[in-house]
Every structure is written in structure tokens, then in C-alpha cells.
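Please look over the sequence and the 3D structure shown here.

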Amino acid sequence: MEGTVFTPSLQGIKNVKSESGVILTKPFLEVCKHILPVLDKFGSAMSIVKNDIGGNITRLETKYASDPSKYEQLHSMVKVEISSKTAKSSSSCTNGLLWLTRAMDFLVALFHNLVQHPDWQMSQACSDAYSKTLKKWHGWLASSSFSEYLTIPEFQVAIKLAPDRKKFMEIISGSGDINADIEKFCATFSPLLAENHRFLLLSQ
């Protein structure tokens, strides 16, 4: 492949914010979608994570498609739901954005571990990322597949199916510098996730 599996995401991140610094819906969701092929390389170990991310992306894309002008800005969906008092619904876009952002937090932490801890096995990198991100939210919202279907013991069983670390890194490297691309992705995508969290917290 030309570049690494992160190349499309790195290109897409450049377009996520408007000239005025606002996160745009379509470009943000496109970046999230570009990460899904990376999860494919994990095999069945990340199938639940991929399905959860895919489902929330679809929910937000459907809302965006209903009125692209109205929902051009990512956070506009939340503002509309807050006004209509539907934000706390399990099927709301607010809930979808919250769990999409949390899932992306997990992936950023996982990718970070792969670069910062070259001596770690894949299962250790996954477990550490989960403990630092999703574990604290486990069981809070029944609408999320993480809490509805994935118990902590089940997650521990799932990550044992993760591929060999060395083989995985070779697969996703392509013709580029995978470590450099991972570091760049984590550095540029993390602030966008943090911005989502700040906005959602203030919107509660």
C-alpha cells in the first residue's frame, strides 16, 4: 500500500476543522471511518469495538444526511437534542458521539502503547489502553455495546485473540514509517477528542 494504514486518516484530519476552528461533521466521521481498516487487521479481537464504532458513525451520518446544512458542525446535533430534551435518549446522537469519542480514546491509547512500549505484547497493549479509557465507563450506559455485551472478562478473552504484535505492525506499515504515522495520528486526533469531551461535559 502507498504509505501506512494511517495515511488516509492523517490526510483527513487536516480537513476536520473549519477556518473558524469548528469541528465539521462529515470530515470528522470520515477520519473515524478510516480507522476501521486498521481494526480489521486485529481480526476477531476487535470485532465488537469495530461494530460499536461503525454503529455510532452510521447514527451520526444518518442525522447529518437529513440536513447537511443544519448539521454541518458536529456539535450542532447535540445542541438540537438538548433543545428538544432528547439528548439523554439511548438512541440520541449525543449518546452516539459520546461513545464514538470514548472508543476513539481507547484506540488512540492502544496505538500510543504500540509505539511507546515496543516490548509489550499486543494483549498487554490492549489491556492497558482499555484500563485507561473504556473500563471506567463500563456498565454506565446500556445502549453501548461495550457495556451491554462486553464484560471485562469477555474483553480479556477477546484480546487474547489479538494477532502477534510484530506481524500486526508489519501488516499496517505498508511503505511508510508506521511509528511516525501513529505518533502523528495520536498527536493530531487526541485534541479533537478532548474538544468533544469538553463540549459534552458542558452540555450535561
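Helix H2 passes helix H10 in a left-handed crossing; a crossing is left-handed if the near helix is turned anticlockwise from the far one by less than a right angle, and right-handed if clockwise. This is a predicted model, in which local features need pLDDT of at least 70 and side-chain atom pairs count only at pLDDT 80 or more, while totals for chains, interfaces and linings use all residues. Residues are numbered from 1 along each chain as its sequence is written, and side-chain values use heavy atoms, with hydrogens and water left out.

Two packed helices are described by the angle between their axes and the distance between the axes. For H2 (residues 25–40) and H10 (residues 178–202), the axes come within 13 Å and cross at roughly 130°. That makes H2 oblique to H10. Axes are lines fitted to C-alpha atoms, for helices over the stretch in contact, and angles run from 0 to 180 degrees between N-to-C directions. Angles under 35 degrees count as roughly parallel, over 145 as roughly antiparallel, 65 to 115 as roughly perpendicular and the rest as oblique.

Which residues make the contact of H2 with H10? On the H2 side they are Phe28, Val31, Cys32 and Ile35, and on the H10 side Phe185, Phe189, Leu193 and Asn196; contact means heavy atoms within 4.5 Å. By class, seven of these residues are nonpolar, one is polar and none is charged. Here Ala, Val, Leu, Ile, Met, Phe, Trp, Tyr, Cys and Pro count as nonpolar, Asp, Glu, Lys and Arg as charged, and the others, Gly among them, as polar.

The buried residues of H2 include Phe28, Val31, Cys32 and Ile35, where buried means under 20% relative accessible area, exposed over 50%, and partly exposed in between (1.4 Å probe, protein chains only). The buried residues of H2 pack against H10 and also against helices H1, H3, H4, H5 and H9. At 1.5 Å a residue, the 16 residues of H2 should span 22 Å, and its end C-alpha atoms are 24 Å apart, which agrees. The expected span is 1.5 Å times one less than the number of residues.

In the loop between H1 and H2 lies Asn15, which is partly exposed, with a relative accessible area of 48%. Leaving aside neighbours within four places in sequence, Asn15 is in contact with Leu24 and Pro27. The C-alpha atoms of Asn15 and Val31 are separated by 9.4 Å.

Helix H5 has 24 residues and reaches 34 Å from its first C-alpha to its last, close to the 34 Å expected. Of the 24 residues of H5, 21 are buried, so H5 is largely enclosed by the rest of the structure. Beyond its neighbours within four places in sequence, Thr94 is in contact with Val78, Glu81, Ala87 and Leu200.

H5 also packs with H9, at an angle of about 105° and with the axes 12 Å apart. The two are therefore roughly perpendicular to each other. Asn113, Leu114 and Val115 of H5 meet Arg165, Phe168 and Met169 of H9 in this contact.

Over the protein chain there are 10 helices and zero strands; helices (H or I, at least four residues) and strands (E, at least two) are DSSP runs, numbered from the N terminus. Of the 204 residues, 47% count as buried.
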